[in-house]
Structure formats: C-alpha cells, structure tokens
Amino acid sequence: MSSSIENIEKVLGAKRFGDRSAQIDWILTDSRSLCFPEETLFFALKTKRNDGHKYLPELYERGVRNFVVGELPADMKSFQDANFLQLANPLKGLQKLAEKHREQFQIPVIGITGSNGKTIVKEWLFQLLREDYAIARSPKSYNSQIGVPLSVWQIEPEHKLCLFEAGISKPGEMKKLEPIIQPT
C-alpha cells in the first residue's frame, strides 16, 4: 500500500533530511532484494553480523532515494536528491510503521506461533482458504522481528484475510510482534 514519505516521517516521528517528494510502496532491509528503487524506503538496520548503513552508496547508485537511518552518511553531498529519516533505532521504526499500517485494516488475521511447524501450517491454511479469500501472508518463513513487519506491510485493501507467522529467538520478542500482527 502506498504512503507518502511525509506521512511516514510523521508516523515514525523521525528527523527528516531532504525535501524530495516520494510515494513509498516497498520496504527494503536487504539490498540484494531491490526491485523498484523509486518507490522503495530502505531501512538501514544494524545486526550482530551486518550494518545496513554500509549499503547506502550502492543503493543510491541503483536509484533508491529514501532511507531510514540511525546515522547520517558522512558525505551527505553524495546523496543530493535523497531523503533521510533519522531515528535512534531504525528497527523500532520499521516495527512502528508496520503496526500503523496494520491498524488501517479491519479484517481477520490469524497469527501462527510455536516452536515448530509455523510455515507448513500457514501454507496449509493458505491452500485451504485461497479459493474463498484474498489472502495476505508471510512470505517464506518471515517470522522474525524484521520479517513480521515486512509481511504486514504487504496488506492491501483487496485482502480479506491475513496469515502471519511469529517466531522468537529470545524472551520478550513476542510482545513486540503482537501489536504489529494484531491477530484477531
């Protein structure tokens, strides 16, 4: 679902650098998955093994002009026509954006959790229900702190049912996923 960079700035409460107008249809956290650069908002996430900030120049060169960052690039002049939304924690921003997106839809949402079998249960339900419902669902096994927001962002007005997986790797993570999924 499309949203303006201005609306996203307000939702996130971010400090904005850049004044380029943009419609955002795609959320990206992995630079290898870029498809529609003009309509993409890249979240520069830091993990134990990687830092999304190091991919900003490459993504800019490939046409991305909208970024959510924790730190601004040292050489802002290299990103002349880009928008940067700066947050203390881009992951929390991604989760908040997905939560606000989910709130726009009053449709049944099935949340699938557990130690094993989440993906297969989701796919079985999809196979059983797809004839009767337009369904948004987690791609693959997107059930993490990053995957769930990316899944929820895919809800469109034509969907009548959602199937989302939620998995955790440490205590307390489900409390962060529940308000994003808002299972019914």
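**The salt-bridge network**

Guide: The structure holds 11 salt bridges, each a side-chain nitrogen of Lys or Arg within 4 Å of a carboxyl oxygen of Asp or Glu. The model is predicted, so local features need pLDDT of at least 70 and side-chain atom pairs pLDDT 80 or more, while totals for chains, interfaces and linings use all residues. Numbering starts from 1 along each chain as its sequence is written, and side-chain values use heavy atoms, without hydrogens and water.

The part you ask about is a network of salt bridges that links K122, E123, R137 and E165. Two of its contacts can be followed through K122. In one of them, K122 pairs with E123, and the closest N and O atoms of the two side chains are 3.3 Å apart. In another, the side chain of K122 meets that of E165, with an N to O distance of 3.0 Å. E165 belongs to strand 10 (residues 161-165) whereas K122 belongs to helix 4, so this pair ties together parts that are 43 residues apart in sequence; helices (H or I, at least four residues) and strands (E, at least two) are DSSP runs, numbered from the N terminus.

The surroundings of these side chains can be read from their accessibility, where buried means under 20% relative accessible area, exposed over 50%, and partly exposed in between (1.4 Å probe, protein chains only). Both E165 and K122 are buried, and for K122 the relative accessibility is 0%.

The C-alpha atom of L128 is separated by 38 Å from that of V64, which is 64 residues away along the chain.

To return to the network, its members K122, E123, R137 and E165 are linked by salt bridges, and the pair formed by E165 and K122 is buried on both sides.
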